[in-house]
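Here's a quick tour of how the inside of this protein is packed. Have a look at the model first, then read on.

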Amino acid sequence: MSGTIWVIGGDPALADAVTEAAAERPVRRLDLEAGEEVRPGDAVIDLGLAPDEVPPGDALPAAERSRCEALVSRVPAGVRIVRGSVLGAAADAPASLQRASAAAEEALASAGHDVVRLRTGILLGSGGLVGALRGTIERSPVIPFPAIGRVKFEPLAAEDLARYCIEAATAAGPLDPVYDLGCGEILTAGLLVKGLAENLGLRRWIVPVPGMPVSAFAPLYATSEFPRPAVAHWLETLRRGLLPRRVNAWKHFSVEPIELRFALAQATGMMIPLRKRGEGRFAAWKKPEKKGILWTKRKERR
């Protein structure tokens, strides 16, 4: 692909990361109302609705479908569309965010375009749910938390998703229709909050509050960049866990995900984690090749 890479929607911090990951390749933000023209040979990276455009409740799937139908009407044949979706996306999924991702994927593929779906769970970066949680941790010494502290998920650094998006948009050969992405290490929701606080150098009391719906906590975590409906959708999705099921990304992408401890540190603005390897939660960390993670490629002998 030698044309322009168009980026539409998504959290502004993630969209900026995609632009940075593109290096020397031409990248532009796509505004459907500005009359910009996507040409054959270009590629489009769709990051979904921006956080401030996310509607509450069950209105989300219809909103995503409508937006993607408008998008494909402006994209000519021969243009690859890379869709940033959510793990577990399905029309009958329990969470509205997962159903919305499925609706978006279906709308993008219905016109016969080459659609590559990159599905992720919680992204570790300055935006999204993690950015909202970080703001709460910085504001309050007491963090009320829904009863999902032991829920397991496999996060991914936002920077890594950006690199996957660029590689998917520019790959010369055919790609699989769906990839499940993660960092290769499992975290729990409780340890996520604890890890953010530790890397910020703050002592915080995390108080589980059983018996309350996760949506009740959305006003506590919401920010102007990540409003209440977006927080509620992600908390509801996280409630059931977010673990990858496919391990095919290593076949087609050269991205080696950032270590979990470094990704957590970077999400708080730290380049070096306060915890060293061998301490606490990350004591069992091993290099990907020692764990058998398939994305690690061996160098060919000459």
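In helix α8, the buried residues are Ala 230, Val 231, Ala 232, His 233, Trp 234, Leu 235, Thr 237 and Leu 238; buried means under 20% relative accessible area, exposed over 50%, and partly exposed in between, with a 1.4 Å probe and protein chains only. That makes 8 of the 11 residues of α8 (residues 228-238), so the helix is largely enclosed by the rest of the structure. Helices (H or I, at least four residues) and strands (E, at least two) are DSSP runs, numbered from the N terminus.

A word on the ground rules: this is a predicted model, where local features need pLDDT of at least 70 and side-chain atom pairs count only at pLDDT 80 or more, while totals for chains, interfaces and linings use all residues. Residues are numbered from 1 along each chain as its sequence is written, and side-chain values use heavy atoms, with hydrogens and water left out.

Now for the cores, meaning sets of buried Ala, Val, Leu, Ile, Met, Phe, Trp, Tyr and Cys residues joined through side-chain atoms within 4.5 Å. The largest nonpolar core has 44 residues, and Leu 129 and Leu 192 touch the most other members. At least two residues each come from α3 (96-109), α4 (128-139), β7 (142-146), α6 (189-200), α7 (218-221), α8 and α10. The largest share, 6 residues, is down to α8. Leaving aside residues up to four places away in sequence, Leu 129 touches Ile 122, Phe 226, Val 231, Trp 234, Leu 235 and Leu 238, with contact taken as heavy atoms within 4.5 Å. Another core of 28 residues lies apart from the largest one, and Ala 17, Leu 156, Ala 158 and Leu 175 are among its members.

What about the aromatics? The whole structure holds 3 aromatic pairs. Rings of Phe, Tyr and Trp (its six-membered ring) pair if their centres lie within 6.5 Å; planes under 30 degrees apart count as stacked, over 60 as edge-to-face and the rest as tilted. Here are two of the pairs:

| Pair | Centre to centre | Angle of planes | Type |
|---|---|---|---|
| Tyr 179 and Phe 253 | 4.8 Å | 70° | edge-to-face |
| Phe 217 and Tyr 221 | 6.5 Å | 20° | stacked |

Tyr 179 sits in strand β10 (residues 178-180) and Phe 253 in the loop between α9 (249-252) and α10 (260-267), so their pair ties together parts that are 74 residues apart in sequence. Tyr 179 is buried at 0% relative accessible area, and Phe 253 is buried too, at 1%. Together with Tyr 164, Tyr 179 and Phe 253 form one aromatic cluster. Phe 217 and Tyr 221 are both buried as well.
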